[in-house]
Amino acid sequence: MRREIGFYIAGFVDGEGSFNVSVRKRDDYKNKIKISLCFNVSQKDKVILALLKRHIGCGTLRQRQDGIWYYEVNNFNAITEKVIPFFKKYPFLSAKKKRDFSKFCQIAEILRKGEHLDKEGIKMILSLRNQMNDGGNRKFSDEEILKKLQESSETTCQTSEKS
């Protein structure tokens, strides 16, 4: 890839892209929650997003019902092997995107090490997530997530005691 294309993509994502961390309640998980990373960009024009997908080398491109095109990467391996290295090679200029990307990378490392499987790791992730995207809109508050985590550990302890 030509360097100017990489820097063009980084500049475009600097203004239009988003690095997100979602937490979902999942009863089929030991801790009753699932933490996922997602990188996405949405636009009216598909051309730039197709360029992104081709040069980053992963992700999905689809059109929403409102006609807006959406490029998204939510596969953990693709994020750690393609997205993160791409934006480390072609860094952002804005302080906000640099900060969000740095926190995103820190969370990816916590997940990679398996530290998200205990309460302290989840607390670290929630703290980092709160520093991203100006706090963002959250479906579940940190308190709700930690309560769900506490309930799952109590259930695990009770199950262990009965064995």
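Helix 3 has these buried residues: Ala-78, Ile-79, Val-83, Ile-84, Phe-86 and Phe-87. The model is predicted. An α-helix has 3.6 residues a turn, so residues three or four places apart point the same way. Several elements cover the buried residues of helix 3, among them helix 1, strand 1 and strand 2. Helix 2, strand 4 and helix 4 are also included in that cover.

**Geometry of helix 3.** The helix runs over residues 76–89. Its 14 residues, at 1.5 Å a residue, should span 20 Å, and the end C-alpha atoms are 19 Å apart, so the two values agree. Helix 3 bends at Val-83, and Pro-85 follows within four residues. At the start of the helix, a side-chain oxygen of Asn-75 comes to within 3.0 Å of the backbone nitrogen of Asn-77.

| Distance | Value |
|---|---|
| Helix 3, end C-alpha to end C-alpha | 19 Å |
| Asn-75 side-chain oxygen to Asn-77 backbone nitrogen | within 3.0 Å |
| Ile-33 to Ile-122, C-alpha to C-alpha | 9.7 Å |

**The core.** The largest nonpolar core has 41 residues. Phe-19, Phe-39, Leu-52, Ile-56 and Phe-87 have the most contacts inside it. Helix 4 gives the most to this core, with 7 residues. Phe-87 is one of the buried residues of helix 3. Beyond its neighbours within four places in sequence, Phe-87 is in contact with Ile-9, Ala-10, Val-13, Phe-19, Phe-39, Ile-56, Phe-92 and Phe-101.

**Ile-33.** This residue lies in strand 2. Ile-33 counts as buried because its relative accessibility is 6%, under the 20% cut-off. Ile-33 and Ile-122 are 89 residues apart in sequence.

Conventions
Residues numbered from 1 in each chain as written. Predicted model: local features only at pLDDT ≥ 70, side-chain atom pairs only at ≥ 80, totals over all residues. Heavy atoms only, no water. Helix = DSSP H or I, 4+ residues; strand = E, 2+ residues; numbered from the N terminus. Expected span 1.5 Å × (residues − 1). Bend = angle between axes of the 7 residues up to and from the residue. Buried < 20%, exposed > 50% of the residue type's maximum accessible area, 1.4 Å probe, protein only. Contact = heavy atoms within 4.5 Å. Polar contact = N/O pair within 3.5 Å; in protein donor to acceptor, adjacent residues only side chain to side chain. Core = buried A, V, L, I, M, F, W, Y, C linked by side-chain atoms within 4.5 Å.
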